[in-house]
Amino acid sequence: MTDTNRSLDGGVEYVTFEIDGRWFGAQVSDVHDVFAIQAVTPVPLARPDVAGLLNLRGRIVTAIDARRRLGMPARTGGYAGAMAIGVEREGESYGLVVDAVGEVLRLDADIREDAPGNLDESWREVACGVFRLPKGLLVALDIAKMLDAPPSTIAAAA
Amino acid sequence: MDDLLQEFLTETAENLEVIDTELVRFESDPSNEATLNNIFRLVHTIKGTCGFLGLPRLEAVAHAGETLLGRFRDKALAVTPEAVTLVLRSIDRIKEILVGLEATGAEQPGDDSAIIEGLQAAAEGKLGAAPAPEPQAPAHPVGPNGERWDADLQRFLRPGEVSLAELEAAFQNTAVEPIAVAPAPKPPEPAVAPAAAAAPPKPVARFDEPEEDDAIAKGERGSAAQTIRVNVDVLEELMNTVSELVLTRNQLLQMVRGLNDSEFKAPLQRLSNITADLQDRVMKTRMQPVGSAWRKLPRIVRDICRETGKRIELRMEGEATELDRQVLELIKDPLTHMIRNSADHGIEPPETRISKGKPDTGVIRLAAHHEGGHIIILVQDDGAGLGTSRIREKAIEKGLVGAAEAAGMTDQQIQRFIFAPGFSTASKITNLSGRGVGMDVVKTNIEVIGGSIELQSVEGAGTTFRIKIPLTLAIVSALILGARGQRFAMPQTSVLELVRVGGGAEHKIDTINRTPVLRLREKLLPLLELGDALQLQPLPTTQERARYVVVMQVGATRFGVVVDDVHDTEEIVVKPLATLLRGVPRLSGATILGDGSVVVILDPNGLCEALGSAPETVDANAAAEIATVSSEGRQSLLLFRAGSGGVKAAPLMLITRLEETDATSIERADGRAVMKYRGALMPVIHAGGDHMFRTEGQQPVLVFSHGDQPFGLAVDEIVDIVHEDVTLDLAADRPGVIGAALVRGKATEMIDVGYYVEQATADWSQRNRAKKRGRVLLVEGSDFARTMLTPLIQAAGYEIAAAPTPDDAWRLHEAGARFDAILADVDANPAAAATFAEQVAADAVWSGAARIALSGSGGQAPQFDDCVRKTDRSQLLAALDYAVTAKRSWGNAA
């Protein structure tokens, strides 16, 4: 996976984004698009991390609330104005709701460190590495895994 | 794989399907030359294309088949089932080779010599069958003026005209590329042979669209060049694009609406109309005739006939009925399965049929027609019908139902067990069907697409399945509802009506132990609060305002869904929920409304389940589901406490109203308790005894009506309303109790409403008693219904005798009993009930009695004088009253 995303000079491109003041990144190759959210329709009885459905140019996109997925404090106010990172999976469109989207960084895979083993359970599954950058720590997320149910709900369902 | 080969595969597969059907048709009607020509042409096309693509194995098999068909066509050989089987076998071989070809892109090696030799031998007339009989007409007669007869054209050739066969021969000798052979033209049309010759040779024969084949077979030429083959994905994309266009248009319209005098208005209006038009037409491209899903069936039936020695005629009606191709794909397999079942298990062998006095050829009828937004497909056979006793045994054996419970179930209820998972009664597993996967899969597949399946079967006379499916899954008409500030779409197919409640409206919602109910036309309707069912956050309460109850019917269950608002109806484009949300209950999809907002679509089945009276859940609930339509099994019961002892129950169907009255308003008059009810005094008694009346606070009263006279039954507390399977244990011998039943796992006393009617309205009853209005015989197999009805009829002033079966009834006859009216249940065993009614009508003593059919559904019973619903007490009593009075006045006149 990583190899295919390497560009000529050995770096991997990451879309960076912010959730609750923290800094994250997702591999550009996993991201379909980035868009601003206008309105989200909640889906009753759905998994808690599902923010709802939204209309993106005539397509229905299932929005996942990254804060809830990662067990972070809930957003204040609605989703309007938030940003979403669009992901396509098996022909379906998903959007990961984040607070803000930043620049695209090219990061050398060599400086990637494994995520610490003592991370919170809801993070361990999805964090695929940490970059120590001058600006601070950047946690690389596996976007595809963000769509899977958080461990807590799986346990609850079982 | 190269495109050409891919196209060949698709096209050939379709052609082969047509050949299958046509061959079966041809076999039954060998004189139909149009059919034969069609087959010949298709085989020839396949052969030609194979040669062109360099597929020698296929070509050799197709060629041998074509040769034999050619002999048929020339009338050199008689058409025998053996020969047709041979051709069909060659078609099967072609299919096998095609499978290999599709998988690998190249012909797989294999030995076809046996098949080819068989076909050649048959073509040379060496098949064990008799040689061709002398053709009725000379093969090549000569016209009055020496014109030559052309078998293809069915007429004499005009001077200078060339016969089609000759043209074909010429093509075969010269053409390097295969050529679509023109179909047999019909006499009224001008000679088309030259046209065929002029047709530009193409690598793949475009003439062979299956739809066109049908058209051509019917003599509707000219459509051939009008159709093209389009990948369905392209249509899907087109559909999506149009949906987006519609949304964009709506947005534009909304923007312009705000402007008073916009130059955009007129062109936008046009854009709007054109968009609507476009949407309509794109929808149409997705429609296909249902017949295309049936094409394989004649062959299947024929093969079953050959294998089992049965004689079956498959009648297909309404093939042209169109429905969405997506739906079509989904019903193909269930239908095939059902036809297989009918042919294999339904229709009996000819000897059996004859011994039963039926024609030796069984008929399977497959008919389709439109009905509202649905398509109805009937699968009907005149075979053996479902063996109720065998199904009953099997159901008990499989633990789907207890033996006692099964004994009390009607035949119809028992028959529905065939839809239970893994249920199969086929005692031997045949090659054809009966592998244990059966009707449960059919039912599930049909329900997945929002359809339903009903079953009617009379042992010995046949089985009818009625399948109801939506025309399209893509667009449904929906009500847009509001609950706690959120909007939802409710498919209108399950909605019966809307009722405004509260806020000064005529209706209002009552609660019984926190269970909301609505009194609607003297019936209690269980309600579901949509906001609660979906666990929506309650809004801060505002002032009391009118709300709405959406009255729904799912299966046999009727219920109401309470919502805050009803916004609109809209045709919505249904989009499935993402995989991640598939498991979410009570929702079936999502859609984008005209204003661009997304709403989720509610699932009526899921809501019904949320009500607690799941019409269908997994496992044993197949039994529960069917019970709702009949007298026994699932009952709606009102649970209450009164006096000592545990919870008591009364059937909800007997209760007219639930009143809560001030305890002080219950007064004593003439030593009896009465209360004001609808401007008159109504007698009230307490179910726990006279001393149990409350002296202060609210006194709950169940109101029963007994003819015109209502009476109240006061109770201590109303506990709940439940919908449960009830098996009555008839052990009680205390007055006022008919027995005990397990309700929610607890023993519950079932009160005898008739007893209280009598107590409460003693003087009326006595008056009636004195008169002895008449003698009634009740023939009812269900213990529950019999015990419920007997006291009611008694209380109405009739003398009653009850018998569980017609045989028991005749025993009363032997004992010399005479009756004014005979009530008989017709649901459990319609045939037996009909026979019983006929026997009664023919009987010297009993023929004077009025015959009244009791049915759960209030259907038709021609052998009876009248038919009433057994749940409708007032109708029943009215029918009795009418019957007895009429009989009496006739008797007096005579």
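Predicted model: local features only at pLDDT ≥ 70, side-chain atom pairs only at ≥ 80, totals over all residues.
Local features need pLDDT of at least 70, side-chain atom pairs count only at pLDDT 80 or more, and totals for chains, interfaces and linings use all residues. Residues are numbered from 1 along each chain as its sequence is written, while chains are lettered from A and ligands numbered from 1 in written order.

Start where the chains meet. Chain B gives 23 residues to the contact and chain A gives 19 residues (C-beta atoms, placed from the backbone, within 7 Å). On the chain B side, helix 9 (232-257), strand 19 (587-592) and strand 20 (598-602) each supply at least two residues. Helices (H or I, at least four residues) and strands (E, at least two) are DSSP runs, numbered from the N terminus.

Now turn to helix 2 (residues 33-53) and helix 3 (residues 56-73) of chain B. Their axes come within 9 Å and cross at roughly 155° (lines fitted to C-alpha atoms over the stretch in contact; angles run from 0 to 180 degrees between N-to-C directions). That makes helix 2 of chain B roughly antiparallel to helix 3 of chain B (angles over 145 degrees). Residues that meet include B:Leu36, B:Ile39 and B:Phe40 from helix 2 and B:Leu58, B:Glu59 and B:Ala62 from helix 3.

B:Val517 has B:Pro526 in strand 15 as its bridge partner.

Key: Contact = placed C-beta atoms within 7 Å. Parallel < 35°, antiparallel > 145°, perpendicular 65-115°, else oblique. Pairing = 2+ DSSP bridges.
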